[in-house]
Amino acid sequence: MFMLVGCGLGRQASPPNMMQQVNLGMIGGGTVGSGVYHALSKNRQLMESRLGIRLNWVGVAVKEFDEPRPYPIPRSLMTTDWTQVVKDPRVNIVIELVGGTTIAKTMVLTALSLGKPVITANKALLSAHGEELFAAAQKYGANLYYEASVCGGIPIIKALREGFVGNRITHLYGIVNGTCNYILSRMQHEGAEFDDVLREAQRQGYAEADPSLDIDGHDARHKIGILASLAHGFWVRPEDIHVEGIRQVTQADIRFAAQLGYTIKLLGIIKTVSGGGKSAVSGARIQVAVHPTLVPNRHVLASVNDVFNAVFVRGDVVGDTLFYGRGAGKDATASAVLSDIADAALEIKHGTRNRIPPFVPHANGSKVVPMDQTISRYYLRLSVVDRPGVLARISSILGEANIGIMSVIQPEAHEGESVPLILMIHDAPNAAMKKALAQIGRLKVVKAPPVMFRVETFD
């Protein structure tokens with residue numbers, strides 16, 4: 001049983017068996033915030049028995065007392081003034097779940113300046129201001145926890161930071177946006193068109209009314225940037241990450257990819273490139289990108305469907321590993337927040353703030369290479385006039401750029417003034433491929449802008 005104390009924001013009780021008490025304050029009581037409150041209420045005794053710590057809510061800052069939320073929060077805990085929560089001397093841990101990059105930044109910096117550990121699920125905030133926030137955490141002797149910021153309930157942050165501490169991460173591939181994966185999965189399995197599936201995703205709440213954050217790849221960029229920073233020990237700026245969304249993926253591309261033995265996924269890709277990852281002095285040269293990718297059907301990532309996320313990690317010692325689960329939603333996110341609450345509470349219990357740092361000396365000299373310097377295989381779909389010599393003209397342009405063709409598909413009995421021509425291209429530099437495509441697109445026999453997707457071999 002709890003007893004109400006103070007001005008109505010807190011509930012205190014004498015801890016049983018002299019168990020140490022840690023007080024929690026949360027900013028944000030909407031879908032995710034109420035999910036965290038509900039999850040902790042459900043499994044409080046389990047966590048307390050495992051930690052040897054009593055977990056106590058002091059206050060929850062909300063936009064409105066009566067805003068819709070999936071789980072109730074006691075009125076006695078709520079306030080509309082976030083400073084009452086952050087600056088309350090009783091609050092030991094601050095949980096930020098408001099989202100955005102403006103007021104949320106002020107909230108987090110305020111809590112850190114008071115020496116309080118902060119737990120956040122705010123991927124956009126970390127992507128935009130992570131370097132500043134981690135510097136503030138170090139300055140004020142507080143830790144910043146962010147397991148819930150990437151892939152919801154999948155414990156990928158802790159795995160990269162702690163589980164793989166003895167590994168150099170050579171490759172990381174992530175399906176990290178559930179909305180895009182849902183759309184592409186339905187296009188593949190039901191033969192549906194992109195626009196139709198997007199509308200259904202919006203109706204079911206998987207996509208926002210303005211879906212651009214998801215389908216244009218920006219949400220995935222936030223997440224993959226955080227993972228790249230952890231994997232390689234230096235802050236990866238959002239502007240250094242190449243991003244392409246899924247708007248140009250058509251049902252025709254899904255079908256042709258299937259004929260070739262591939263599935264199209266929006267992948268976040270982090271991998272060392274030639275000359276990188278070998279020297280502790282020079283650091284690594286890494287590719288960081290988000291784009292639609294042809295994944296071989298034999299690879300495990302090809303079978304990750306619907307709103308599920310997955311992260312494939314290759315370490316130089318451990319080899320290949322896979323993390324799979326729900327990447328969003330109130331319950332998956334709450335699970336990750338509870339994990340961070342446990343870590344932060346143990347930090348307070350034992351009076352230590354020593355954790356493996358996110359930025360480490362082995363990363364000196366590391367950098368993200370421009371996309372034009374990367375090498376890939378490619379899927380190319382052209383709409384061309386069906387006449388002799390067309391393929392020869394296209395092949396000539398590619399040949400002059402030293403780009404080789406692996407295979408060609410030209411469907412028979414195609415009606416209309418133009419026909420699709422599908423080319424699978426050998427490894428080629430991105431810059432050379434872009435230049436060749438610009439030339440091909442100017443040919444009079446090519447009737448629509450070329451469509452190009454990269455092909456991942458996972459070598």
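Reader: Why is His299 called buried?

Author: Because its relative accessibility is 14%, and buried means under 20% relative accessible area, with exposed over 50% and partly exposed in between (1.4 Å probe, protein chains only). So His299 counts as buried. Before going on: this is a predicted model, where local features need pLDDT of at least 70, side-chain atom pairs count only at pLDDT 80 or more, and totals for chains, interfaces and linings use all residues. Residues are numbered from 1 along each chain as its sequence is written, and side-chain values use heavy atoms, with hydrogens and water left out.

Reader: Where is His299, and what is it in contact with?

Author: His299 sits in the loop between β12 (285-296) and β13 (308-315). Helices (H or I, at least four residues) and strands (E, at least two) are DSSP runs, numbered from the N terminus. Contact means heavy atoms within 4.5 Å. Leaving aside neighbours within four places in sequence, His299 is in contact with Phe312 and Phe458.

Reader: What makes a set of residues a nonpolar core?

Author: Its members are buried Ala, Val, Leu, Ile, Met, Phe, Trp, Tyr and Cys residues, joined through side-chain atoms within 4.5 Å. The largest such core here has 84 residues, and Ile156 and Ile183 touch the most other members. Its largest share, seven residues, comes from α9. A second, separate core of 32 residues includes Ile119, Ala121, Leu338 and Ile341.

Reader: Which residues is Ile156 in contact with?

Author: Beyond four places in sequence, the contacts of Ile156 include Leu227, Val311, Val313 and Phe323. Glu147 is also among them.

Reader: What separates a cavity from a pocket?

Author: Both are sets of points on a 1 Å grid over the protein atoms alone. In a cavity, a 1.4 Å probe fits but cannot get out. A pocket is an open set with protein on both sides within 12 Å along at least five of seven lines. Lining residues have an atom within 4 Å of a point. Grid points are joined across faces, edges and corners, and a volume is the space filled by probe spheres set on the points.

Reader: How many cavities does that give?

Author: Four, counting those of 30 Å³ or more. Residues lining the largest cavity include Lys158, Arg161, Asp340, Asp343 and Arg355. α5 gives the largest share of that lining, four residues.

Reader: How do the lining residues of the largest cavity divide by class?

Author: Four are nonpolar, none polar and seven charged. Ala, Val, Leu, Ile, Met, Phe, Trp, Tyr, Cys and Pro count as nonpolar, Asp, Glu, Lys and Arg as charged, and the others, Gly among them, as polar.

Reader: And what is the lining of the second largest cavity like by class?

Author: Three nonpolar, five polar and three charged residues. The second largest cavity has a volume of about 60 Å³. β12 gives the most to its lining, with three residues.

Reader: Which residues lie nearest the centre of the largest pocket?

Author: Val32, Lys123, Glu208, Ala328 and Gly329, out of 49 lining residues. The volume of the largest pocket is about 1,500 Å³. Its lining has 18 nonpolar, 21 polar and ten charged residues.

Reader: How do you know that the span of α11 is close to the expected one?

Author: The expected span is 1.5 Å times one less than the number of residues. α11 has 21 residues, and 30 Å is expected. From first C-alpha to last, α11 reaches 30 Å, so by this definition the two are close. Just after α11, Gly351 takes a positive phi of about 65°.
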